[in-house]
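Here is a short tour of how this chain packs together. Keep the model open beside the text as you read.

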Amino acid sequence: MKSIAKYLGLVKFAHTIFAMPFALMAFSYALWSTEAAFSWWLLLQVVLCMVFARNVAMGFNRWADRDIDAENPRTAQREIPSGEITPNKALAFVVVNAVLFVATAVTINTLTALLSPVALAVIMLYSYCKRFTWASHLVLGLSLAIAPAGAYIAVTGGLDIVTCLLSLVVLTWCGGFDIIYALQDAEFDRKRGLHSIPSAFSTAVSLYISIALHCVSVVALVLFALAQPQSWLLWCGVALFTAILVAEHILVTPTHQRSIGIAFGTLNGLASLTLAAFLIANIIIFG
């Protein structure tokens with residue numbers, strides 16, 4: 001159990017709540033919009049793909065950044081630099097999860113099988129982006145935005161513009177909150193020659209960019225909501241998600257960054273779970 005806990009810590013398993021709810025929203029929307037039959041087996045396949053892909057993304061990120069993490073006082077106690085997990089074992093963990101992800105995707109349909117290596121390439125690319133571009137936050141957003149698109153493809157074998165709007169929500173929402181998270185390492189990144197929006201711009205400008213991305217998230221979410229069964233549940237979910245994003249930017253300002261942990265972890269987890277609960281309930285009750 002202690003060994004399992006180490007690997008769960010390596011991949012920050014609790015952070016699965018960022019993308020998983022959006023995959024479930026897309027899954028529910030796909031069933032409703034196409035009138036497809038619900039399948040527990042398919043739902044399990046989608047959830048497993050999400051877990052395996054997330055393990056690959058985080059495990060590979062920790063492996064690729066092991067030397068950088070060892071130099072940064074904030075991350076020096078992570079599992080690999082602290083010696084709790086060796087680099088070779090971490091890489092083996094990544095390979096096993098990558099194989100399981102592709103194997104599971106192959107059992108769903110032809111398109112998920114064909115796109116599974118592409119998804120792995122995107123989520124692993126993020127780990128190297130901060131070495132050459134400050135747009136790494138958007139690549140992280142893109143890697144998480146694959147989740148709702150993948151869930152919809154799993155149900156339908158194709159993709160539609162409405163689900164792309166939900167993926168845009170995830171891309172800009174995650175990109176925006178990753179900028180906030182990166183404020184913690186702005187000075188270290190500058191000294192180490194790493195690229196991020198906070199290391200390239202001032203704190204104020206970085207937060208304005210984060211706010212702009214979150215504004216796009218809200219607009220895309222409203223457009224997505226217009227394609228759902230209309231009810232008070234739907235718009236309560238949209239309103240609460242928006243309110244939580246506003247609270248995030250009230251907590252973290254150019255002069256106050258002590259609440260980054262709450263804004264990044266607690267509020268964003270609450271935002272995704274709340275939105276999913278209301279939107280899925282809306283489809284079940286009013287769809």
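## The nonpolar core

F22, M25, F27, W173, F224 and F241 touch the most other members of the largest nonpolar core, which has 72 residues. Such a core is a set of buried Ala, Val, Leu, Ile, Met, Phe, Trp, Tyr and Cys residues joined through side-chain atoms within 4.5 Å, where buried means under 20% relative accessible area with a 1.4 Å probe, protein chains only. Helix α3 (residues 40–64) gives the most to this core, with 13 residues; helices here are DSSP runs of H or I with at least four residues, numbered from the N terminus.

Leaving aside residues up to four places away in sequence, M25 touches L166, S272, L275, A276, L279 and I280, with contact meaning heavy atoms within 4.5 Å. Another core, of six residues, lies apart from the largest one and includes L183, L207, V252 and A263.

## About the model

This is a predicted model, in which local features need pLDDT of at least 70 and side-chain atom pairs count only at pLDDT 80 or more, while totals for chains, interfaces and linings use all residues. Residues are numbered from 1 along each chain as its sequence is written, and side-chain values use heavy atoms, with hydrogens and water left out.

## A covered helix

Look next at helix α8 (residues 161–182), where 17 of the 22 residues are buried. From first C-alpha to last, α8 reaches 31 Å, close to the 32 Å expected at 1.5 Å a residue, taken as 1.5 Å times one less than the number of residues.

Technical notes: Buried means under 20% relative accessible area, exposed over 50%, partly exposed in between (1.4 Å probe, protein chains only). Helices (H or I, at least four residues) and strands (E, at least two) are DSSP runs, numbered from the N terminus.
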